[in-house]
Every structure is written in C-alpha cells, then in structure tokens.
Amino acid sequence: MSVAATVFQYQFQHIPHGIAISRNTQSRQPYNVFSHPSSGHRNLTLATTVPHAFSLSGSGAGAQYSSAGELVATGRNERKKRIAGVDQDELLDPKHLADPDSCFCEFQGVEIHHKLYEPESRSSDNSLYGQHEAQTPSLELGLPMILLHGFGASVFSWNKVMKRLASLTGSKVLAFDRPAFGLTSRHNTFETQSSDAKPLNPYSMAFSLLATLYFIDFLAAQKAILVGHSAGSLVAVDAYFEAPERIAALILVAPAILAPRAIPKVVDTKGDGSDSNDQGKPRFKLFEILHKFIKYVTQSIIQLMKRMVDMLNSLYKKALLSVLRSAFAVMLVRMIIDKFGVAAVRTAWYDSKKVDEHIIDGYTKPLRTKGWDKALVEFTAAMLAKGESETKPPLSKRLHEISCPVLIVTGDADRIVPSWNAERLSRAIPHSKLEVIKNCGHLPHEEKVDEFVRVVEKFLQRAFGGLEEPSLQAVT
C-alpha cells in the first residue's frame, strides 16, 4: 500500500531552540533528533507514516481531518493491486506472458496455449534422468500422449515430466491449458448470452472434451493416450465415452471422480418371477391388471415429483447464476484466490517445504492475464449449469463400461482427493491398475517425478508390451 509521510507540527514555547524530532519512515528507524533551520520560533516535528488519504495537522488548538470515506476507498483500491502476491495494475494479454516453448492455436474462436515435445534420445540428455532411467530404451509405442491439467493448474504442472514421457513412449507429448486457466485466451460469455447463435461455451466440459479430441487430430493420430490429473481426469473419461475408438489408454492421476460406493452387478432380466402356468387363470389376470394400474399411477407421481424438483433446481441455478454474473462474484473470487490460492498449492504437496518460489510463480503467473477473475467465475457458472444428460446415465454408473487399459495413480498422503477414492475407483473400472506412491500428495507428477514416470512405464509395458503385473502396487 502506498503511504505518505504526514508531519505533525506542534508549537511549544518550552522546546530548546532549533530542535526537532523526526522518524525515518523509509527505514522504519526510531525517532531521531535533528537541527531544524527555522529561527522564528521553536518547533517539534514528528514525521510518521499513515495513509495519505488521512491527514492531520495542528496549529494551536485547531485541527482538520479529511473524509474517512476516502481512506476506506483508497484502501480498497490499493488491495486490488495485488492478488496472491501478483501485481494487478497492468494485466497483460496471455501471449505476452508466453514461454519460449509456448505455442498457440485457434479452436472455436479460442486461442489455446499448449506445449509440444518430440521424442528425444534418452542418452542425449542424461540430466533429465537418473543413471538407471537413461539406459532404459524407448517403448516406441507410436501413440502420442495428451496431458490434461486439473482445476487451478496449467501446462506448467506438467513441465517436469513432458520430455521424459516423450522419450519413454518414443512419441509426441502435448499439454494444453483449458479455458479459464493458464495462458489460453479468456472470453466473456455472459455478454453473448442474448445472442441467437449461442456458440459453444468455452468454459464448459463439452468444449474441453472437443478440444481434447481436436488435439488428437492436431497430432495426426488415430488414437492417443490421455493423462488426466484431478479434474482433468474427468475430461479424459468424458472424452473416452464420446469417442472410445480414439482413446488408446487412460492414465488418471489423483482423479477427482467420485467413485461409486457399490460396484454395478449384472442383473438377470430373463424372467419376472411370475408363474407362466398361472397366467391363464382369471384371478391372476385381474391381479396383473391391478398391478399394472398401480405401477402406472406410481410412475406418474414419481415423474410429476421429478419435474417439480427439476423446476426448483432450475430456479435455484438461475438465481445462483445471476449472482455469479455480478461484480460481487468477481470480487469474491479475487478474495478467495488472494487468501487461499498459495496455501492450496502448498496443501497439494506432501512436503510443503519443497514448494519454492519457482513453483509459486508458475501457479500464479496466470493471475497476470487480462480477465482471469471473470473467466474463473464463468468457469464455475458453466460447471454449475452442466446437468446430467437425460439420455445417458450418470458417469458413476458408466465406469464399468470402460474397456481400454486404465492406470490410476494416487499419493498415499493426498489431502485434496483422498487415496481411498482412487482405490474405490479402481474397483469400479474393470481391469484397471492402481499405483499408490508413498510420501506423496496430490501432485505425483510434480512431487515424485521419478516414481511417477516409473509407474507409467510399467503400465505401458503391461498394456502394450504383454507384461503381466499385479493390479495394486505401492511405490516407495
């Protein structure tokens, strides 16, 4: 906060001539005595630091004060200038914050920031690997990887593993920033809600899904391996259900997918339990008619109640969406990011002491882009507006339909998505493999790079190289 030095001047007849007292506000040193040049009368000058909007001066018994409202307004304006330690005075276009290896491409009117790594010989850059890893040959799968970050993250979260995964698979590895995150361009969808065209909301799950499939075509591939972290796992699974023929395998890292409590079982529906020999008897026909009538009435009441609940939910969502479109929601998002943004990054790690300034800068860099706050609000609104499809069952009831190879990786000390959820998820997806990395939090690909690459390598060898492994592994 900017401050100004306000001088309190008091005129005393009993202070020795030429003496004044002042405080060095820049170095915050104690008050000092210095010689005052004034010779007309004796002064005592106290210099201290207070907000410039509030001034106090004294001459004899009189005093004047500026408006307290100015002080409050100034304080608010000053707080806007920094969010999570990031200066908000001069926000930039995302392209002006790009790294040397950053790329941009347009999809559905959105400039998507992404990074692409080609496979390199492991022996050409031993600094990336330990001695053992440098001697391991590439798998040469011929299948590119697409990496999907989680909420609040970006391509930055994959920086430590992209080159290693490219060398491991012998294929291209691509990571992109989903809209509202990283350096992908921001769009104000609220301003276009009244448009008749109603383009696809870039903050919706449908957009992220289609962007994922777009990048498979972008890589000129028939299939790709999708690696999703946290909320990115949900995008990966949705992409599988949208186009299962395009997905070679799924790697779900600390997946933020609520696993079902019970695993679906196949129900035998060949018969309804009725005795076929009794169907010709009149009393059983009467019972059957009565049963059908009661069933029809019951279903009608249930449908009516469901419509009422859906209507109330719709009204609730509309009311909440109207709040999200207000300036209050933007202010609230800024407050939350300022208070808890950096703390959330540290919480995601098992050992928060390893979260250095480089990591904090990587996660807070997107806060320097224009419209980052409104984009987060719109992303939240899009997730809220997303409803379950009327023609498809909930995701939790479709997990057993996944037939491609699936690896689930979790940290045993994950405080954001507990490891027990990953274990339950592995039971819900047939033939999936679970790897639990010890002494690891929510970010295995950042905190335990060697272990993460090793479990991915085992999985790929098992899935595409014919090796058999146990379904549950604990990695130390």
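User: Which ring does the charged end of K95 sit over?
Analyst: The charged end of K95 sits over the ring of F104, 5.6 Å from the ring centre. For that label, NZ of Lys or CZ of Arg has to be within 6 Å of the ring centre and within 35 degrees of the ring normal. Keep in mind that this is a predicted model, where local features need pLDDT of at least 70 and side-chain atom pairs count only at pLDDT 80 or more, while totals for chains, interfaces and linings use all residues. Residues are numbered from 1 along each chain as its sequence is written, and side-chain values use heavy atoms, with hydrogens and water left out.

User: And what about R398, where does its charged end sit?
Analyst: The charged end of R398 sits over the ring of F241, 4.1 Å from the centre of that ring. R398 also meets E401 in a salt bridge (3.9 Å, N to O). A salt bridge here is a side-chain nitrogen of Lys or Arg within 4 Å of a carboxyl oxygen of Asp or Glu.

User: Is R398 buried or exposed?
Analyst: R398 counts as buried, at 14% relative accessibility. Buried means under 20% relative accessible area, exposed means over 50%, and partly exposed is in between (1.4 Å probe, protein chains only).

User: How far does α5 reach from its first C-alpha to its last?
Analyst: Helix α5 covers residues 231-242 and reaches 17 Å, close to the 16 Å expected. The expected span is 1.5 Å times one less than the number of residues in the helix.

User: Switching topic: how many salt bridges does the count come to?
Analyst: The count comes to nine salt bridges. In one, the side chains of D99 and K115 meet at 2.9 Å, N to O. D99 lies in the loop between β8 (86-87) and β9 and K115 in strand β10, so this pair ties together parts that are 16 residues apart in sequence. D99 is partly exposed, at 29%, whereas K115 is buried, at 4%. D99 and K115 also belong to a network of salt bridges with D101 and K365.

User: Why would such side chains pair up?
Analyst: Side chains of opposite charge can pair when their charged atoms come close.

User: Which residue does E118 form a salt bridge with?
Analyst: E118 pairs with K172, and their closest N and O atoms are 3.9 Å apart. E118 is in the loop between β10 and α2 (131-134), and K172 is in the loop between α3 and β12, so the pair ties together parts 54 residues apart in sequence.

User: β10 keeps turning up. Which strands is it joined to?
Analyst: Five bridges join strand β9 (residues 103-107) to β10, and four bridges join β10 to strand β12 (residues 173-176). Both pairings run antiparallel. Two strands pair if DSSP finds at least two bridges between them. F107 has V110 in β10 as its bridge partner, and K115 has A175 in β12. β9 and β10 form a hairpin with two residues between them, and Q108 in the turn has a positive phi of about 55°.

User: Last one: how many aromatic pairs does the count come to?
Analyst: Eleven aromatic pairs. Rings of Phe, Tyr and Trp (its six-membered ring) pair if their centres lie within 6.5 Å; planes under 30 degrees apart count as stacked, over 60 as edge-to-face and the rest as tilted. F151 and F379 have ring centres 5.8 Å apart and planes at 45°, so they are tilted. That pair links distant parts of the chain, 228 residues apart. F151 is exposed, at 53%, while F379 is buried, at 7%.
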